[in-house]
Amino acid sequence: MKNMNDFVMSHESAIRLGVFLGIFILVALAEMLAPRRALSTAKGMRWLGNLGIVFVNTMTVRALFPVAAVGMALLADERGWGLLNNVEIPYWLAVVIAVVVLDFIIYLQHVMFHAVPALWRLHMMHHADLDFDVTTGARFHPVEIIISMLIKLAAISVLGPSVLAVLIFEVLLNATAMFNHSNWRIPVAVDKVLRLFVVTPDMHRVHHSVIARETNSNFGFNLPWWDRLFGTYRAQPEQGHEGMTIGLTQFRDPKRLTLPWMLALPFVGKTGEYPINRRGDGKE
């Protein structure tokens, strides 16, 4: 166990960066070779803003959280915090349980950011993208990233997952976020099988529809089971994947896809009718 913890702590950054770059390049190439939809805006400006926010978020997390998710798992292990650090079960089973439970927590967190108007203000930056491709999966406001990290650290301290389990979860979450936000045309028959085990691009694209009832569906990022279990699953968009409109009704100006506007959007933009518990209000 100690050797595994030492290995993960020593190579975490390299592993995560390597997987990120590898998956990003593969998915970007797949989008070029087999695009699902024609993009409606210039890719250069969008990518500059979307990848710029990745840099901002990375620097923010490093500055504010000297102990990130894997570090918290090591601390919990050393101090005996959390359920899994106080039960006797096989190591491999504890890893599987931890990855699944953490994914469920991300699902609940995602629903919360759609249900609470104040949190939706932050999250709507993710949905305000006018196209849907691999870079959309990394387009989150820094304040949302901070809140998400606090939730993750709290969950790890209570659950007590191993360092390896947290690394696997983090790598899977980043990889699947790029995959399921991709503009990649996957054959319908293949997608039908894949979405039994992982959230596919066609499944998650529905979540980025301009139609509120579709936006508030398919909240899963990695595992697709939670949406089916809790009644938030929607198989296809009403207007089809080629005909559907991506984004939010209140943000349709391509000139506002820049990094400064993205950062300002939660504080100057309207929430629209999207928050789950404010359906039909539309006054903000």
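Q: Which residues does Val 70 touch, not counting residues up to four places away in sequence?
A: Val 70 touches Val 8, Met 9 and Glu 12, and also Val 163, Val 166 and Leu 167. Keep in mind that this is a predicted model.

Q: OK, and which residues touch the most other members of the largest nonpolar core?
A: That core has 29 residues, and the ones touching the most other members are Val 70, Leu 102, Ile 156, Val 163, Val 166 and Phe 169.

Q: Which elements give two or more residues to this core?
A: Those are α3 (69-79), α4 (91-115), α6 (142-159) and α7 (163-180). The most comes from α7, which gives eight residues.

Q: What lies apart from that core?
A: Another core, of 14 residues. Among its members are Met 125, Ile 211, Leu 248 and Met 262.

Q: Switching to helix pairs: how do the axes of α5 and α6 cross?
A: At roughly 120°, and the axes come within 8 Å. Helix α5 covers residues 117-127.

Q: Now Val 111. Where is its place?
A: In helix α4.

Q: Is Val 111 buried or partly exposed?
A: Partly exposed: its relative accessible area is 22%, and buried would need under 20%.

Q: And what is Val 111 in contact with, leaving aside neighbours within four places in sequence?
A: Phe 219 and Ile 276. There's also Ser 217, 106 residues apart from Val 111 along the chain, with the two C-alpha atoms separated by 8.9 Å.

Q: Zooming out, how many helices and strands are in the protein chain?
A: The protein chain has 13 helices and zero strands.

Q: What about its radius of gyration?
A: The protein chain has 19 Å, and this agrees with a compact globule of 284 residues, which would be near 19 Å. Along the principal axes, the C-alpha trace spans about 50 × 40 × 35 Å.

Q: How much of the chain do buried residues make up?
A: They make up 50% of the 284 residues.

Q: And what share of the contacts with a separation of 6 or more comes from residues 24 or more positions apart?
A: Those account for 75% of such contacts in the protein chain.

Key: Residues numbered from 1 in each chain as written. Predicted model: local features only at pLDDT ≥ 70, side-chain atom pairs only at ≥ 80, totals over all residues. Heavy atoms only, no water. Core = buried A, V, L, I, M, F, W, Y, C linked by side-chain atoms within 4.5 Å. Buried < 20%, exposed > 50% of the residue type's maximum accessible area, 1.4 Å probe, protein only. Helix = DSSP H or I, 4+ residues; strand = E, 2+ residues; numbered from the N terminus. Contact = heavy atoms within 4.5 Å. Axes fitted to C-alpha atoms, helices over the stretch in contact; angles between N-to-C directions. Rg over C-alpha atoms; globule rule 2.2 N^0.38 Å.
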